[in-house]
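Me: I would like to learn how to read confidence and charged pairs in a model such as this one. Could you take me through them in turn?

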Amino acid sequence: MTKPRHAGVKLVLLALVCYFLLPVWWLVVASLKNAQGLFGGGSALWFDGFHLFGNLSDLFSYNNGEYLRWLGNSVLYAGAGGIGCTVISVLAGYGFAMYRFTGRGFFFAAVLGSVMVPLTALVIPTFVMMSNAGLTDTIWAVILPSLLSPFAVYLMRVYAGGSIPEELIDAARIDGAGELRIFWQVALPLMRPGVITVLLLSVVATWNNYFLPLTMLSSSKLYPLTVGIGLWGQLAASNNGGGQSLWNLIIVGSLVSVVPLVVAFLTLQRYWQGGLTVGSLK
Amino acid sequence: MSATTAKREPTVRRATTSKINRRHQIGWLFVLPFLIVFLAFLVAPLLYAGYLSLFTKGLATGTTFAGFDNYTRAFSDPSFRKGLWLVLRFSLVVIPLQLGVALVAALLLDEITGRLASFSRLMIFLPYAVPAVIGALMWGFLYSPSFGPVEQIASLFNVQAPFLLSSGNIFYGLLNIVTWQWSGYYMIIIFAALKSIDSSIYEAARIDGANAFQIALRIKTPLIYSALVLILIFSLIGTLQFFVEPQIVAPIANGSVTPDFTPNIYAFNLAFRYAQFNYASAISFSLGFVVFLAVAVFTFATRKRGGLFS
C-alpha cells in the first residue's frame, strides 16, 4: 500500500530536482569547455574536453584580474553588510521581544508596515541623498543601505520570543547579571539557530544584490560580481562574434560566484533549517 | 505558597514596578542601531522621494513646485501604464505557479524521509543561492538558439523551438526564470511550517479513513495557511518590482526588453539615462503606492486566516 505511493512521490521529486538542477548542470558542463566546445554545435548538456583550469586562469587574468577584484568586493560588501545587518537585526529583535519600552508598539508597527515598502523604490532617493553627501561611488554607498532589513528584525523578534524562556532571564537578573551580560551569555546562545538563519539570508541578499550597486557605483573597480558579470554580459552581447571568449569567462565566472554561497548553505544547513523550523513562522 | 510570602508579595511588587519600568526602557538601547538605519535608509529616502516627486526640473525654468502634476503625468503615461499592466499580469500567473510548485514540493518532501528527501530538498532550494543575475544569464544561454539545449532537444523531434526571449515569448521566458529562482526558497518556508504541525493530527485523520492525498489537501494545507499568505505577499511585492531578470536578458533579447518594460526599469532609465530624478521619484512612488494598495487589499481579503500582519 505505501510502497507504490512512495514510488510516485519519489518520481515526481526527481523530476522536480532535474528541472531545478538543469541550469546548474549546464553551467558546470559548460565551464569545462573551451570556446570551440561551447559554440561547436556539440551537445549543450554533455561534456566536451576538459578546460576548467585553462578557463579559470583566463578568468583570473583577464583585464588585469578585474574578476578577482570584483570577487574581493563581493566578499567585502556581503561580509560587512551581511554581518552588520545581522548584528543590528538581532539586537533589535531581542529588544522588541524582551522589553516593553515606551513607543515599542508604534515602532514595531512601523517596521512591519515597512516590510511592504518596495526596497527598490528607495534606491533612487537614496542615490540622490548619497550623492549630496558625496558618498556615491564609494563602498559605503553599498554597505550602509544593506544594513537595513525590516524582515530580519521581524524574524528575530519572533525567534527571540519563541526560544528564550522569560523565567531564565528573570533567574539571571536575580543572580545579579546586567542586561547586556544576560543578552550576551544567556539569550544569544539560545538564539543561535535564528542568528545563523538571519546571517545567511542577509549575506545572500547582499551578495546577490544587483540594483543597489548598479546605481551607486560608477567605477568598475568597486563593482561586486553581480554588476561585473552583468557588464561582461552586455559587452559580450554587443560584439557577437568577437565576444566568444568573453562568454567562456562569463560562464566560468558565474560558476565561481555561485560556489561560496552553495558551500555556506551546505555546511550550515543544520542550523539554518532548524532556525526556519523553530522560529520563523509562529 | 506559604502564608507569609503570599502576604508580602503585593508590597514587593509595588516597590519594584517603577524599577521594572525603568529596566524595560533599556529596550531602546537594543533597538537604537536599527532605529538609526531605519530612519536614515527607509524613512528619510521615502520622505525625500515624496518631496522630489512634487517638483519638476526644466532646463530653462529650473526647479519649480509642481504639486501632483508628476503623479497625474505618471498615471496617464502610456509607458508607466504598460509596465504596470505587464507586472500585474505577470503576478497573476507567476504567484500561483511559484506557490503551486513550492507547495507540491514541500508536501512531497514531507511524505518521505532519508537521503533522497534531504538531497532533493537542497537541490530544489539551490537556485535561491544563485544570484538573480547569474540565474537570468544561465537561462538566457539555455534559451539561446546558437548553443542552448532547448534548440537541440527540439531538433531531435524535428520541431522548431520557440525562442523564449523574442518579444512574443519573453513573458514565458521570464516566467520560467523567476519560478526557477524563487520556488525553492518558498518551498523551504512551507516545509518548515509543515514540520511544526503536530503529527498526531495525521494519526487521527488516518483512523478516520483519510488517505495521504486527502491529508495533504484537507489538513496540511489549511494548517499552513499563514505561511502561504506570507509567501504570497513576498511574491507580490517582489514581482511588482520586477527589475533584475529583464534587465539582464535585455542585451541578448534583441529589443524585447524596452526601456519602459517594467515600472522599475522605467524609473531606473528615467533617473540614470535621462537624469529626470523628479519624475523617476514620482514613478517609484506611484509603484510603491500600487504595491502598498495590492498588499493592503490582499491582507484585508485574508485577514481572518492570519499571516504576517495578524
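Reply: Let us begin with confidence, since this is a predicted model. Chain A has a mean pLDDT of 86, and 92% of its residues reach 70 or more.

Me: Where in chain A is confidence lowest, and where is it highest?

Reply: Within chain A, the lowest mean, 67, belongs to helix H14 (residues 269-279), whereas helix H6 (residues 140-146) has the highest, at 95.

Me: How should I read salt bridges, and how many are there over all chains?

Reply: The general idea is that side chains of opposite charge can pair when their charged atoms come close. A search of the whole structure finds nine salt bridges over all chains. One of them joins B:Lys82 to B:Asp260, with the closest N and O atoms 3.5 Å apart. This pair links distant parts of the chain, 178 residues apart, with B:Lys82 in helix H4 (residues 78-111) of chain B and B:Asp260 in the loop between helix H12 (244-249) and helix H13 (263-272) of chain B.

Me: Are B:Lys82 and B:Asp260 buried or partly exposed?

Reply: B:Asp260 counts as buried because its relative accessibility is 12%, while B:Lys82, with a relative accessible area of 46%, is partly exposed.

Me: What separates the partners B:Arg206 and B:Glu203?

Reply: Their closest N and O atoms are 3.9 Å apart in a salt bridge. Because B:Arg206 and B:Glu203 lie three residues apart in helix H9 (residues 200-207) of chain B, about one helical turn separates them. Elsewhere, salt bridges that share partners join A:Asp170, A:Arg173, A:Glu179 and B:Arg23 into one network.

Conventions
Residues numbered from 1 in each chain as written. Chains lettered and ligands numbered in written order. Predicted model: local features only at pLDDT ≥ 70, side-chain atom pairs only at ≥ 80, totals over all residues. Heavy atoms only, no water. pLDDT = per-residue confidence, 0-100. Helix = DSSP H or I, 4+ residues; strand = E, 2+ residues; numbered from the N terminus. Salt bridge = Lys/Arg side-chain N within 4 Å of Asp/Glu carboxyl O. Buried < 20%, exposed > 50% of the residue type's maximum accessible area, 1.4 Å probe, protein only.
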